Amino acid sequence: MKAVVMNAHSEKARSEILAKLTYAIGKDPVVAKRHDWLHATILALRDRIIDRWMDSTRRAYRAQAKRVYYLSLEFLIGRLLRDALSNLELTEPFEAALRSLDVDLSLVEEMEPDAALGNGGLGRLAACFMESLASLDIPAYGYGIRYSHGLFRQMITDGWQTERPEDWLEGGNPWEFPRREAAYRVAFYGHVAGEALADVRQRHFWHHGEALLATAYDTPMVGWRGKRVNTLRLWSARPLDPIHLEAFNVGDYSGALADHNRAEIITRVLYPADSTPQGQELRLRQEYFFTSASLQDIIRRHLQGNPDLKNLADKVAIQLNDTHPAIAVAEMMRLLVDMHGVPWAEAWKTTQAVTSYTNHTLLPEALESWPVNLMERMLPRHMQIIYAINEDLLKMVRARPGMTAEFISSVSLIDEHGGRRVRMGQLAFVGSHSINGVSALHTGLMKETVFRNLHTLFPERINNKTNGITPRRWLNGANHGLTELLKSAIGDGFLGDAEHLTKAEPLARDKNFRQAFAAVKRGNKAELSNLIAARMSIATDPSALFDVQIKRIHEYKRQLLNILETIALYEAMRDEPSRNWVPRVKIFAGKAAASYAQAKLIIKLINDVAHVVNNDHSLKGRLKVAFIPNYNVSLAEAIVPATDLSEQISTAGMEASGTGNMKFALNGALTIGTLDGANVEIREHVGAENFFLFGLEAHEVEARRRAGIDGRALMETSPALKRVCEGLLSGHYSDGDSMRFRPIVDSILNGDWFLVGSDFDAYAKAQEDVASLWTKPDEWTQSAILNTVRMGWFSSDRTIRDYARDIWHVPVK
């Protein structure tokens, strides 16, 4: 064992870790395995967090502070150990403590599983917001579901995505605290009775047909320098009775556990496929389950410190993260009117005052709607309430002059076309006092498209809150080398206020700083090269241009455009092997929804192209393609700091914001992208000259779609695209199977809805501009530095301050 210099802080950490290893884990250090050290370290750190957590809670109660409640179906929190150590500035003492025990902290950290509580940007945004709420000393709770298996573990088998259960809870979760006392009955089905059945606005009684218990598990969320520790409360489902002994004793073992299994299935998996009626029913059960438990918990907490609910809006701010918890509007009305006797008009005023709604998408399929017959069967009282809210809304609309039948139909909460469905996005809109978009472009498009007519009725409600990311996680945590370089140049103030990064802007012209910046990037790329080699046996050159697209696989995100241009580049390199080509490594990662066949076919195409390209020795290693499986937060933390070129190439008008674009730019990647989502604002901040822009704009996309796109004519005008598609149909990239990728070619020929063909040549030209700048390392590095130092505005601290000021009306210290 090497000698380790210890101080009082590290000695204290050492003794705490050893105590936990001995008395909580039950292991002697001589035989302890790496996972034992992980749990002992987390438990030792957790004890220190608990004191701050309790103090934060006591301060909120003493001040009778207004609390923020963030309801989200996803919280993609990733690993917590490194994040908590960093935010409490305890990394060095804990690292030294473990080193004195001959244990490497970095290896221990790698043992921590990523919490399988989310899928993509929606869940990661929620995690960043929780960290910023604590860092800004705002009392807050996050509410979600404690999924046993999350989305899925992605495996690649013969190039195809296959799904396996995620087992993140298999070894237990040392961060969480079960709260058996925080258990609430959540009901489904049954029938409704009341004294005045004809008037649904009076108190009614819901005689449920099925009920289960939502039990709470709390995880502390630590803010920067431990200013505040807030709570992430996740709900797990369990039956009222764990087993039917009568059935068990007569040999009906499956029947004896039927209620147990039916309850647990609610919190098994994130986003069960909803292509079947059973899948739709499970999705709705999930959404109502966590929403009802959360609202019951909020009201219970309020009544602990207040005599009644009259001042609920003064003490409670509920933020709905997308449409999934939209049933909260009807559930709050049910709780207020039926359970607490609040008159309808007062209850409606309170519901709107406490509720606000963040919209994250303009895609119709993501603006959820549920069949009326399903809602009437599963949530009969809520359907009555929704009908009453809709009646009041339409009565108000009809009283206005010039309202047409088409307009009235468009704002109704019930879609009468193609089967009656409840429009959950519109329910969230009508029941909230604030509706925000997540980028300037997205917010403008909300007003013009999905909520155009509701915006006409309520023009003051829609506002913009551009997304952000926490610099503590995505710079300090993910990119230690760059953080230390910036701290040596401008101090560490940027970790508490990211806009301090602008102090480093003059250093973009400093030769020594540019060299140091480039060296950090090269080191990060070497680490990623090692990861790719270890996981995929693909050799990559850290001096090559690392060109990266990592995000959920979806046609509008256009991984297809990227890989088609990669094929065109490959063909061009084979045509002119002696040309001085810029070496590139094309890196992809992301999961496709299990039932999304076209997205899964795109993954297969990427892997098939990788097989051909990576085994073509004539390229001399100048082009490599890697699809890294099972994308999660920890993988992103390895890829983002090593990226040179960030692919943000969605069809304009379809990406609400994006936050990956912010993480890459903060870490010194240049962006190639369309004017979509937050790309617009990023380009404004970092400078147009430091951003590779291409493609149709949102209004042009809409115009093309209205006019109709002739994919065949389009292909005739683009020889490179035509050659690529012919190559796909020839079987060259599919082991001679000429039909494998025909659906991909057909998607371009027959309508080209996502404008892949329309933007192909412009994208290829932008990639040529990328290659040109890469040959000028000083200029590239200067642009990379300017991206980093001009990204401070995109901190989630700024976003939360905007929410606090404009929507929640809570003070920020």
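Helices (H or I, at least four residues) and strands (E, at least two) are DSSP runs, numbered from the N terminus. This is a predicted model, where local features need pLDDT of at least 70, side-chain atom pairs count only at pLDDT 80 or more, and totals for chains, interfaces and linings use all residues. Residue numbers start from 1 along each chain as its sequence is written, and side-chain values use heavy atoms, with hydrogens and water left out.

**Exercise 1.** Find which element gives the most to the lining of the largest cavity.

*Solution.* Start with the search: over the whole structure, five cavities of 30 Å³ or more turn up. Here a cavity is a set of points, on a 1 Å grid over the protein atoms alone, where a 1.4 Å probe fits but cannot get out; lining residues have an atom within 4 Å of a point. Next, its lining: 15 residues, with Leu80, Asp83, Glu131, Met221 and Val222 the closest to the centre. Two or more residues each come from α3 (81-87), α6 (121-135) and β8 (210-222).

**Exercise 2.** Work out the class make-up of the lining of the second largest cavity.

*Solution.* This one has a volume of about 90 Å³. List the lining: Arg79, Arg82, Asp83, Ser86, Glu109, Glu112, Arg472, Arg473, Gly477 and Glu637. Now sort by class: Ala, Val, Leu, Ile, Met, Phe, Trp, Tyr, Cys and Pro count as nonpolar, Asp, Glu, Lys and Arg as charged, and the others, Gly among them, as polar. That gives no nonpolar, two polar and eight charged residues.

How values were computed. On a 1 Å grid over the protein atoms alone, a cavity is a set of points where a 1.4 Å probe fits but cannot get out, and a pocket is an open set with protein on both sides within 12 Å along at least five of seven lines; lining residues have an atom within 4 Å of a point. Grid points are joined across faces, edges and corners, and a volume is the space filled by probe spheres set on the points.
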